[in-house]
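The sequence and structure are shown below.

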Amino acid sequence: MSSGTGKRIVVTGATGNVGTSVVRLLSEDPEVASVLGLARRIPEWSPPKTDWSAVDLAFAESDLVERFTDADAVVHLAWAFQPTHDPATTWRTNVLGSMRVFDAVAAAGVPALVHASSVGAYSPGPKDRTVDESWPTHGWPDAAYCREKAYLERALDTFERDHPETRVVRMRPAFLFQRESASEQRRIFGGRFLPGPSARPELLPFLPDIAGLRVQALHTDDAAHAYRLAVHSDARGAFNLAAEPTVDAELLGRMFGARPVRLPRTAARSAIAAAWGLHLLPASPHLFDAVLRLPLMDCTRARTELGWRPEHTAPEVLEQFLQGLQQGAGARTEPLQGHKVG
């Protein structure tokens with residue numbers, strides 16, 4: 001590892017959408033002496049002060065305690081979205097793998113654990129106002145992603161009770177995007193049958209306007225800034241993270257120059273369910289159900305206690321992401337590698 005007087009930070013899921021932004025920011029931080037990035041595959045990318053270690057959290061033989069020893073903080077970002085047709089597999093990585101991380105943090109005596117929760121952990125909530133971090137985190141039980149995020153919130157409740165010496169921070173970001181994640185997210189949610197050029201505004205004469213489809217977005221660099229602030233602060237507890245304004249059909253219509261057209265929920269869900277059932281669409285109808293029910297988040301606590309403010313607006317985030325879709329953008333890591341689109 002790199003030597004110095006700064007902090008030693010370990011990042012799981014370091015080559016993914018958020019992980020690349022977190023590692024890049026920490027590697028440029030003068031208060032950080034070294035970063036150890038954990039990922040299933042070691043990338044070609046070599047940021048300053050950063051070492052890599054190959055780890056698959058789905059398997060118990062990973063020696064996490066040794067890797068966490070002498071760390072000042074562990075930032076836990078690792079997550080598997082697929083296969084959506086096999087929730088036992090994602091449970092093994094996301095839930096059981098996270099439990100191994102938590103146990104190793106305690107065994108290694110790491111002072112701080114910064115965990116990537118999500119807006120998906122929240123119970124159904126309002127779309128006409130925002131909620132703070134006290135809103136229940138029971139998820140939407142029919143969607144594996146929400147079920148797993150909510151389960152880990154309960155696991156951290158127990159962890160904090162049993163290990164009060166460890167400072168635990170739970171980040172609950174909105175939907176996260178960057179230009180370099182476009183190819184990955186196309187594969188995860190749209191599949192190989194969603195060509196990048198279809199994101200061009202001129203090919204979308206109208207946009208489906210579905211009741212409840214109001215969400216929040218955030219650039220991964222802005223999320224990474226919040227993680228960095230949490231690493232260096234004494235903050236504990238949960239923090240909502242989202243950019244303004246709220247993303248809905250009206251905003252997207254202005255961006256695309258397209259007219260929103262009301263589409264019944266049942267029609268949209270039936271189409272998604274059919275495509276998912278035929279393995280044509282990776283995103284499940286259960287996740288669609290959850291998105292329609294997610295509350296909008298109030299980010300006051302992150303602003304007042306962390307001093308965090310996003311630099312990118314939601315339209316800027318989406319514009320960068322759409323450009324990435326059109327260009328097949330990616331990065332020099334296995335999860336984010338770019339692909340030609342047609």
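Strands are DSSP runs of E with at least two residues, numbered from the N terminus, as are helices, which are H or I runs of at least four residues. The model described here is predicted.

**The lysine and its surroundings**

In the loop that joins strand 5 (112–116) to strand 6 (130–131) lies Lys-127. Is Lys-127 buried or exposed? Its relative accessible area is 13%, and since buried means under 20%, Lys-127 counts as buried. Beyond residues up to four places away in sequence, Lys-127 touches Gly-212, Arg-214, Val-291, Leu-292, Arg-293, Leu-294 and Leu-296. Gly-212 is 85 residues from Lys-127 along the chain, yet their C-alpha atoms are separated by 6.9 Å. The side chain of Lys-127 also makes polar contacts with two backbone oxygens, as tabulated here.

| Side chain | Backbone oxygen | Distance |
|---|---|---|
| Lys-127 | Val-291 | 3.0 Å |
| Lys-127 | Leu-294 | 2.8 Å |

**The nonpolar cores**

In soluble globular proteins, nonpolar side chains tend to be buried together. In this model the largest nonpolar core comprises 42 residues. Val-11, Val-22, Val-75, Met-171, Tyr-227 and Trp-308 have the most contacts inside it. The element that gives the most to this core is helix 6 (residues 220–232), with seven residues.

Leaving aside residues up to four places away in sequence, Val-75 is in contact with Ile-9, Val-10, Val-11, Thr-12, Val-22, Val-114, Tyr-227 and Val-231.

Technical notes
Residues are numbered from 1 along each chain as its sequence is written. This is a predicted model: local features need pLDDT of at least 70, side-chain atom pairs count only at pLDDT 80 or more; totals for chains, interfaces and linings use all residues. Side-chain values use heavy atoms; hydrogens and water are left out. A nonpolar core is a set of buried Ala, Val, Leu, Ile, Met, Phe, Trp, Tyr and Cys residues joined through side-chain atoms within 4.5 Å. Buried means under 20% relative accessible area, exposed over 50%, partly exposed in between (1.4 Å probe, protein chains only). Contact means heavy atoms within 4.5 Å. A polar contact is a pair of N or O atoms within 3.5 Å; within protein, one must be able to donate a hydrogen and the other to accept it, and residues adjacent in sequence count only if both atoms are side-chain atoms.
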